[in-house]
Amino acid sequence: MDEKNAMLKISASPHIRSKNSTTGIMADVLIALLPASAMGVYNFGFRAFLMILVCVVSCMVFEYLSELVMKRPATVRDLSAAVTGLLLALNLPVSLPFWMAILGSAFAIIVVKQLFGGIGQNFMNPALAARCFLVMSFVGPMTRFTLDGVTTATPLATLRESGLGSISLKDMFLGTEAGTIGETSVAALLIGAVYLVARRVIRLTIPLYYLFTFSVALMIYAWTKDMSIGDMGEFVAAHLCGGGLMLGAFFMATDYTTSPITDDGKALYGILLGVLTFCFRIFGSSAEGVSYAIIISNLLVPMIEMITRPKSFGEGYEKKPISENRGWLTPVHLDENGNVIPESKEKQGGKIIRIVVSICLIAVIAGALLGAVYAITKKPIADTAEKKKQESFHAVMPSAASYKEGQTADLSGALKEAGYDKVTIESCTDALDPDGKVIGRIWIITTHEGYAGDIKMAVGVTDGKVTGIEMLSIGETTGLGMEARDNPAFKEQYMDKAVEKFTVVKTEASSDDQIQAITGATITSKAVTGAVNAVLYADRMQGGSMEGGVTSE
């Protein structure tokens, strides 16, 4: 064999050559995210830079330590952990405590990535999984957004509360608005997206199908609301520029591991993302929705690939498993010629049975663990709720020396006839002076008209006047509806006023029966006022008597 032929390398097909490497691709993603990161630091200050640094370093450290413990080859140098850390940081509010960000980094790397086999084996995007984990674990800090040191609402939350006139598309496009560190500037994100496309790191199939489907769904919805053409366009543009949609569409929905590999699959995946994001934003309790849409779609990728997998060309075709390059699925067995060895129907049936049994066992074990956790935490939770209830009693009726449960009757029928059909009175407690005389009543009421769900509150009443209001459970928008809990001036408007019914106005109140609405939170203001009016009506049903609490007629 001559020297020229000695250099030939013979191997089985397919013969694929590429200069791309994991490190190179991840480096390109980091470069593409630099404009959004820089804009985040400019918009939110030095703390945004510290948050990015904390998340990136934490993810790299957790990857190194987890691989060391699991005795796997170190992959820190491939920069995938750095990309996860940067994406996580860009999905966090700047005011989040650093220890929570570190906890999220640990969840992303150890739980979502390493426990499933490392890079290429994770079943959902690690950064988004960590974000959703933090939102479920720390709702308050994860939904508290600040800008220039002031807590405020995101543009999408403001749009949902107050309509189109309350937002600026220019500010949303440039990024001078409240939100997570990396989601606010559409301009910076599009610069990074152009770079990724130019470097052929991503294709536009998924983002375009995603954005197109979402836009069409929004236009149909806007049309059903009788919006003008101009308002319809502004409504769609606002949703495209807000809530991390561009960050999700170009940088996370296109993740190689958690997105389909077939062209038809990518299109179907993008359509699914658009539909889910639309449903979460329009019909869900949150104004966002991108994160949950992506991780739910990630879970459906194996099914999407099964549906859209192309047929093999040639004789002896047998349907292959979902994917040949996903180690967490059934492996493919090849003969000496590189052809797939088909499995018998008996083996395929046996595998299906084992999968079903495994899923059932996991469900039983998970259910048992949840039941055990509930049994252990039931009493502490109840004690905490009772303590909070007693504290609310003192807050709304500070002059009382003790409290006694009154006799509760069903007031739902009378309240409904009076127009208060969206509230539920749960209890009425007598407030007693040191001599045991009833000096007022404390009502626990839940209104079902809150912007983000039910609002549960304690209202104290003496001689037909409100003595105090305390929120027991409220999940309204931070910086807007949450002012009903956090701003004492709003609650003080109801105090010590002998009125039959309060009304909500957007301007400054000019009489005792008027309540000035919280700016940008008219829905919340009306819900709280409606609940207070219902309490005053129920208290009047007792004739103003301070004896015996609620009595049956």
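Visitor: Where does Ile31 sit?

Guide: This is a predicted model, and in it Ile31 belongs to helix α2, which covers residues 22-44.

Visitor: What makes Ile31 partly exposed?

Guide: Its relative accessibility is 40%. Buried needs under 20% and exposed needs over 50%, so Ile31 lands in between and counts as partly exposed.

Visitor: How many aromatic pairs does the structure hold?

Guide: There are 13. Take Phe393 and Tyr403: their ring centres are 5.3 Å apart, and the cut-off for a pair is 6.5 Å.

Visitor: Why is the pair of Phe393 and Tyr403 called tilted?

Guide: The planes meet at 50°. Stacked would need under 30 degrees and edge-to-face over 60, so tilted is what's left for this pair.

Visitor: Which parts does that pair tie together?

Guide: Phe393 is in helix α17 (residues 345-396) and Tyr403 in strand β3 (residues 402-405), so the pair links parts 10 residues apart in sequence.

Visitor: Are Phe393 and Tyr403 buried or partly exposed?

Guide: Phe393 has 2% relative accessible area, so it's buried. Tyr403 has 24%, which puts it above the 20% limit, so it's partly exposed.

Visitor: Which residues form an aromatic cluster?

Guide: Tyr221, Phe235, Phe278 and Phe283 form one.

Visitor: What sits over the ring of Phe98?

Guide: The charged end of Arg47, 4.1 Å from the ring centre; the distance limit is 6 Å.

Notes:
Residues numbered from 1 in each chain as written. Predicted model: local features only at pLDDT ≥ 70, side-chain atom pairs only at ≥ 80, totals over all residues. Heavy atoms only, no water. Helix = DSSP H or I, 4+ residues; strand = E, 2+ residues; numbered from the N terminus. Buried < 20%, exposed > 50% of the residue type's maximum accessible area, 1.4 Å probe, protein only. Phe/Tyr/Trp six-rings, centres within 6.5 Å; stacked < 30°, edge-to-face > 60°. Lys NZ or Arg CZ within 6 Å of the ring centre and 35° of its normal.
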